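Visitor: I would like to go through this model feature by feature. Please give the general idea each time, then the case at hand.

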Amino acid sequence: PEYFDRTTQYLDQGKWGLAQQEALNARDALQPGSIRSRASLHPLATAYWMQGDHEASLRSLRSMSTEIFTAIEGGSNNADSEDDAFAAIAAGILAQRMGDRSIALEIMQRLNKRQDLLKTPPLDALFVVLRANDLRLSGEPAAAIELLKPLINGSEPFQAHVALLDSYAAVGSKQKALEEARWLIRSRGRAYAEPGCAWCQQSL
């Protein structure tokens, strides 16, 4: 939908207020209870955060998580469960980026009950990123690196390299962190083409 395209464009351009308005327009235009409606909260949370409103961003992410697990655990539309799981992990990653572990921890706990979803590529790899970020935030960046390194095989999610950059920086490996930063610059387009929750992964 055009609201989504414009939201992404405004986020790319650093026009946070316009991105917020387009995300709100998208939310209003989408069918309540749909996967797209739930996913629309991610770019909205991103826009709030970039404007400095951390509380509004975290509220959006908590609402997103609540709606997602109501759908997953209620079994109202099993066909959307994988997309919902992608969206949940993306919500957790954004919360972690803001320094909040609680949202991601709840998401990990609830998704661990759905091993059928977590065994599905590339969802499985993105879940590893969520776990690795939590290790880094809990003071174990070296363990996070060891968890992430096996993912790097050419098909890894874009966010694996973001997580490696943060973890290498946390252990003081400046050269390796710089290599990851250069990879992210070179490979930026991958974030727009990966399977999963495009609304979420692009805003990440």
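**Reading the model**

Guide: The largest nonpolar core has 56 residues, and those with the most contacts inside it are Leu61, Met64, Ile89, Ile107, Leu111 and Leu130. A nonpolar core is a set of buried Ala, Val, Leu, Ile, Met, Phe, Trp, Tyr and Cys residues joined through side-chain atoms within 4.5 Å. Buried means under 20% relative accessible area, exposed over 50%, and partly exposed in between (1.4 Å probe, protein chains only). The largest share of this core, 10 residues, comes from helix H6 (residues 81-97). Helices here are DSSP runs (H or I, at least four residues), numbered from the N terminus.

Visitor: What are the ground rules for these values?

Guide: This is a predicted model, in which local features need pLDDT of at least 70 and side-chain atom pairs count only at pLDDT 80 or more, while totals for chains, interfaces and linings use all residues. Residues are numbered from 1 along each chain as its sequence is written, and side-chain values use heavy atoms, with hydrogens and water left out.

Visitor: Which residues does Leu130 touch?

Guide: In general, nonpolar side chains tend to be buried together in soluble globular proteins. Leu130 touches Ile89, Gly92, Ile93, Gln96, Ala104, Ile107 and Met108, leaving aside residues up to four places away in sequence. Contact means heavy atoms within 4.5 Å. A second, separate core of 5 residues includes Phe158, Trp183, Leu184 and Ala191.

Visitor: How many of the residues of H6 are buried?

Guide: An α-helix has 3.6 residues a turn, so residues three or four places apart point the same way. H6 is mostly covered, with 14 of its 17 residues buried. The expected span of a helix is 1.5 Å times one less than its number of residues. For the 17 residues of H6 that gives 24 Å, and the end C-alpha atoms are 24 Å apart, which agrees. Just after H6, Gly99 takes a positive phi of about 90 degrees.

Visitor: How is an aromatic pair read, and how many are there?

Guide: Rings of Phe, Tyr and Trp (its six-membered ring) pair if their centres lie within 6.5 Å; planes under 30 degrees apart count as stacked, over 60 as edge-to-face and the rest as tilted. By this rule there is 1 aromatic pair. Phe158 and Trp183 form it, tilted, at 5.8 Å centre to centre with 45 degrees between the planes. Phe158 lies in helix H11 (residues 158-171) and Trp183 in helix H12 (residues 174-186), so the pair ties together parts 25 residues apart in sequence. Phe158 is buried at 10% relative accessibility, and Trp183 is buried at 14%.

Visitor: Which residues does the disulfide join?

Guide: A disulfide is a pair of cysteine sulfur atoms within 2.5 Å. The structure holds 1 disulfide, joining Cys197 to Cys200 with an S to S distance of 2.1 Å. The link of Cys197 and Cys200 is right-handed, with 50 degrees about the S-S bond. Cys197 is buried, with a relative accessible area of 7%, and Cys200 is buried at 0%.

Visitor: How many salt bridges does a search of the whole structure find?

Guide: Side chains of opposite charge can pair when their charged atoms come close. A salt bridge is a side-chain nitrogen of Lys or Arg within 4 Å of a carboxyl oxygen of Asp or Glu. The search finds 11 salt bridges. One of them joins Arg188 to Asp12, whose closest N and O atoms are 2.8 Å apart. Arg188 is in the loop between H12 and helix H13 (198-203) and Asp12 in helix H1 (residues 2-13), so this pair links distant parts of the chain, 176 residues apart. Arg188 is partly exposed, with a relative accessible area of 43%, and Asp12 is partly exposed at 41%.

Visitor: Are the partners Arg38 and Asp84 buried or exposed?

Guide: The side chains of Arg38 and Asp84 meet in a salt bridge at 2.8 Å, N to O. Arg38 is in helix H3 (residues 35-39) and Asp84 in helix H6, 46 residues apart. Arg38 counts as buried at 4% relative accessibility, and Asp84 counts as buried at 1%. Elsewhere, salt bridges that share partners join Glu73, Glu106 and Arg110 into one network.

Technical notes. Helices (H or I, at least four residues) and strands (E, at least two) are DSSP runs, numbered from the N terminus.
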